[in-house]
Amino acid sequence: METHTWRRTGLLVVATAATVLAGAAPAAAEPGDASAYGARVNVTLVGADAVNIGPFAEVSTAGQYGTFTNTFAGVNAPGILSTGVIETEATFDENTGAVSSRATTAGVDLPVLSALPFVDPAGAEAITAECMATEEGASGSSLLAGLNLGGLADVAAEPAANTVVEIRVPLLNTLVGRITLNEQIQNDDGSLTVNAFHLELLADPLGTGDLVISSATCGPAGLPIPLASGAGLWIGLGLLGAAAIPVTIHFVRKRGTGNADVPA
């Protein structure tokens with residue numbers, strides 16, 4: 001009788017431990033994923049063909065431990081964007097389970113903005129997006145070194161999250177575009193995306209579409225190697241089982257003592 005009770009309790013301990021470990025990560029997210037790219041263009045200028053290119057210098061951990069890098073010599077989309085070297089990096093730390101990614105795009109020129117009669121030449125020395133995710137959560141930031149929006153607005157090199165600059169035609173006050181700096185998006189799968197520079201074209205005389213410069217995405221943190229390995233998993237289950245043994249033994253003995261008090 002006592003042996004039967006112990007086996008049932010042992011199975012309950014294992015099942016409970018498995019439930020705890022399985023619930024540690026969001027159901028729809030992929031822990032250990034981090035990715036980045038330097039630029040993506042999906043724009044149709046007024047009177048011109050659509051331009052859909054990128055992402056350039058894309059890199060991803062794809063859930064694999066280690067640091068992964070990529071570079072691209074430069075983007076040249078006439079009338080829209082030109083850049084210097086793009087460098088990207090994504091890391092999944094085997095010791096902590098943390099993930100991080102970064103994208104830096106140098107020598108940015110934005111003729112798409114300069115095409116407007118009321119905008120001076122626009123560009124930046126370098127545009128960087130970063131993100132990191134640990135067991136405590138995800139965070140991100142952007143650095144826009146030497147950013148010049150051609151007189152549209154003066155912005156800090158490290159703008160607050162989701163800083164918006166509207167592009168309006170003077171006198172008519174018509175909204176024709178929108179720039180979001182340090183754009184931070186909480187995705188449904190639990191990941192965080194940081195777009196350092198995101199230009200949306202909404203109407204004439206610019207056109208329609210999106211331009212993103214330097215983007216970094218981090219999924220939830222993953223398990224470090226000792227816990228992710230099979231040996232580490234069973235060690236964890238064993239420790240949880242050992243913690244439950246005193247309670248189970250006490251329960252069985254109490255039943256035995258209670259039975260002894262029943263008159264024959």
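Trainee: What percentage of the residues in the protein is buried?

Mentor: A residue is called buried under 20% relative accessible area, exposed over 50%, and partly exposed in between, with a 1.4 Å probe and protein chains only. By that criterion, buried residues make up 37% of the 264 residues. Please keep in mind that this is a predicted model, in which local features need pLDDT of at least 70, side-chain atom pairs count only at pLDDT 80 or more, and totals for chains, interfaces and linings use all residues. Residues are numbered from 1 along each chain as its sequence is written, and side-chain values use heavy atoms, with hydrogens and water left out.

Trainee: What is the mean pLDDT of the protein, and over which residues is the pLDDT below 50?

Mentor: The pLDDT is the predictor's confidence in each residue, from 0 to 100; its mean here is 81, and 74% of the residues reach 70 or more. The value is below 50 over residues 1–29, a stretch that has 22 contacts (heavy atoms within 4.5 Å) beyond near neighbours in sequence. Residues 231–264 are also below 50, with 20 such contacts in the model. Where pLDDT is low, the predicted coordinates should not be read in detail.

Trainee: How many helices and strands are there?

Mentor: Helices (H or I, at least four residues) and strands (E, at least two) are DSSP runs, numbered from the N terminus, and the protein has four helices and 14 strands. Strands count as paired if DSSP finds at least two bridges between them; strand 1 (residues 34–45) and strand 2 (residues 50–56) pair in the antiparallel sense over five bridges. Valine 41 has isoleucine 53 in strand 2 as its bridge partner, and in the hairpin of these strands, which has four residues between them, glycine 47 takes a positive phi near 75°. Strand 2 also contains proline 55, which a cis peptide bond joins to glycine 54, with omega about 5°.

Trainee: Which cysteines form a disulfide?

Mentor: A search of the whole structure finds one, formed by cysteine 131 and cysteine 218 with their sulfur atoms 2.2 Å apart. The pair links distant parts of the chain, since cysteine 131 is in strand 9 (residues 123–134) and cysteine 218 is in strand 14 (residues 207–218), 87 residues apart. The torsion about their S-S bond is about 90°, so the disulfide is right-handed. Both cysteine 131 and cysteine 218 are buried.

Trainee: Is serine 142 buried or exposed, and with which side chain does its own side chain make a polar contact?

Mentor: Serine 142, in strand 10 (residues 137–145), is buried because its relative accessible area is 4%. A polar contact is a pair of N or O atoms within 3.5 Å; within protein, one must be able to donate a hydrogen and the other to accept it, and residues adjacent in sequence count only if both atoms are side-chain atoms. The side chain of serine 142 makes such a contact with the side chain of asparagine 182, at 2.9 Å.

Note on methods. Disulfide = S-S within 2.5 Å.
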